[in-house]
Amino acid sequence: MKDIRWPRVLCGALGSALLLMTACAAPPAPQPATQQQVTTQPDTPAAPPAQEPAATSAPAPATARVVVLENFLADIAQNVAGDRLTVQALIPAGIDPHGYQPTPRDVAAVVDSDLLIVNGADLVPTLEDLLKSAGGARAVVEASAGLTSREAREGEEAVMSPEERAEALCAQAPDHAHAEAVEAAADVAAAPLLGEAHDHEEDVKEGGHEHAKEGDHDHEKEGEHQHMHSLERFEVILPAQGATFAGFVRLEVAETGDYLLALPQGQFAVTPAGQSEPVEVEETFDLDCAGLTRAAQMELQAGEYVLALSEWTQAEAFVVFGPAGAHHHHDHGDPHFWLDPTLVVTYVENIRDALSQADPAGAATYAANAEAYIALLKELDAWIAEEVAQIPPDQRKLVTNHESFGYFADRYGFQVIGTVVPNISPMAQPSAQQLARLADRVKEAGVKAIFLETGANPKLAEQLAQETGIRVVTELYSHSITDAGGPAPSYIDMMRYNTRAIVEALRP
Ligand SMILES: [Zn+2]
């Protein structure tokens, strides 16, 4: 699994918003004299026309060929380009960028382009393939460059399939143990607390994933419950019991939720402290990673538990334990910045700079257009806030089919209660059991409606409506604008449409 963003895969440590693809590979192919080379310095002021290469062979500036991957982004870019350039959108209306597969025509369009603008943050997993197929030289700009991904908040966990859980667990399970092994006790009363000696601050980055920094989680200010915010690997020394090894440790669970316990071998039972009945395991699944062979998922209330390990063939053991859903599914953070219009201001600035690089003579036009569009974004932001004010704050609860409304939620005071499918494919179908679990969560939280984004399986909507008995609002336009005749032909229309749909469903 990749753990770095694609441009670095291709190019090494370039953090710049503007990447020249030829800079990464072996010596670039010689460029025809007529082709203007794009530089990698976005902050360099545009060269005055007099310094440009031979005026007779230089292309007219407005012929720079700009291709934009995502269609909502193409609309934003077109607003910045104005009449000076026509940008070409690659992903057709209604297609989810997560599942997008480039066509030969798309590859051809990229081959012919001088500049490719993408959302970035790994929204389109096939982008790397597209660039490889296209080859050649062009600037590739991530519109979201410079924005920091949000971390999933508590309770936003998705309802994942066992396979997805296993994959996530394998990706996250730290492959090194904490410094001190815990000696399990032969009897329950003496069981030591797992992770007690553990210093959380040293481990905010583990398993290749960036975790929330200190202070990002309000509850961390409470102090003592700082562990168990991610899957952690614990070294355990088990006393001999007959021919095998067995022992007890205690687990402290800071918050109610789904937890995963993964083991390399042996038997286990998790029992609330002071009780005799182990908690029911909701799901178990096989693993083949990080030395682990299986995992169990269970819902635990905040409090203390006793973990009994038995029938191990060796004294030195380890277990991986932690919250099941504390991690966002996107490997590189949450790419859905555009659902907060105030973050789109950064998109506009990056696009403005990229267009000015590709077409320096148009810089003033792009600057003016960007300014005008940013004013529209601010207007949009104010309008959304005003609309959302119709929903009492305690009813601003969102359940969507996919983890995409986090930035919107953060900006306008919503809580994301859950998601139906955790992953990139809108075709992913949660099991009946997973739907039932989501239904429970929805009922508990008193959510009034579930929102399905366009592209979601319609059967899911029916099933959910049946399971939950609550309203299912279909066709939120979160990842794609519509055709000109549709209800959301532009980015701003899309945001207005979604806001209206959400407000209408949730207001009293
Ligand atoms: Zn998405």
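Strand β4, helix α4 (residues 127–134) and strand β5 make a right-handed β-α-β unit. Right-handed here means that, with the strands pointing away from the viewer, the path from the first strand over the helix to the second runs clockwise. Helices (H or I, at least four residues) and strands (E, at least two) are DSSP runs, numbered from the N terminus. The model is predicted: local features need pLDDT of at least 70, side-chain atom pairs count only at pLDDT 80 or more, and totals for chains, interfaces and linings use all residues. Residues are numbered from 1 along each chain as its sequence is written.

β4 pairs with β5 (residues 139–142) in the parallel sense over 4 bridges; pairing requires at least two DSSP bridges between two strands. I117 has V141 of β5 as its bridge partner. Strand β2 (residues 66–68) also runs parallel to β4, joined by 3 bridges. Here V66 stands opposite L115. Within β4 (residues 115–118), L115 and I117 point one way, L116 and V118 the other. All four are buried (20 or more other C-beta atoms within 10 Å of the residue's own, C-beta atoms being placed from the backbone; exposed, 12 or fewer; partly exposed, in between).

Helix α2 (residues 71–81) is mostly covered, with 11 of its 11 residues buried. Its cover includes β2, β4 and α6 (341–358). G82 follows α2 and has a positive phi, near 60°.

Mean pLDDT (the predictor's confidence in each residue, from 0 to 100) is 77 for the protein, and 71% of residues reach 70 or more. Over residues 1–60 the pLDDT is below 50. Where pLDDT is low, the predicted coordinates should not be read in detail.

Notes
Contact = placed C-beta atoms within 7 Å.
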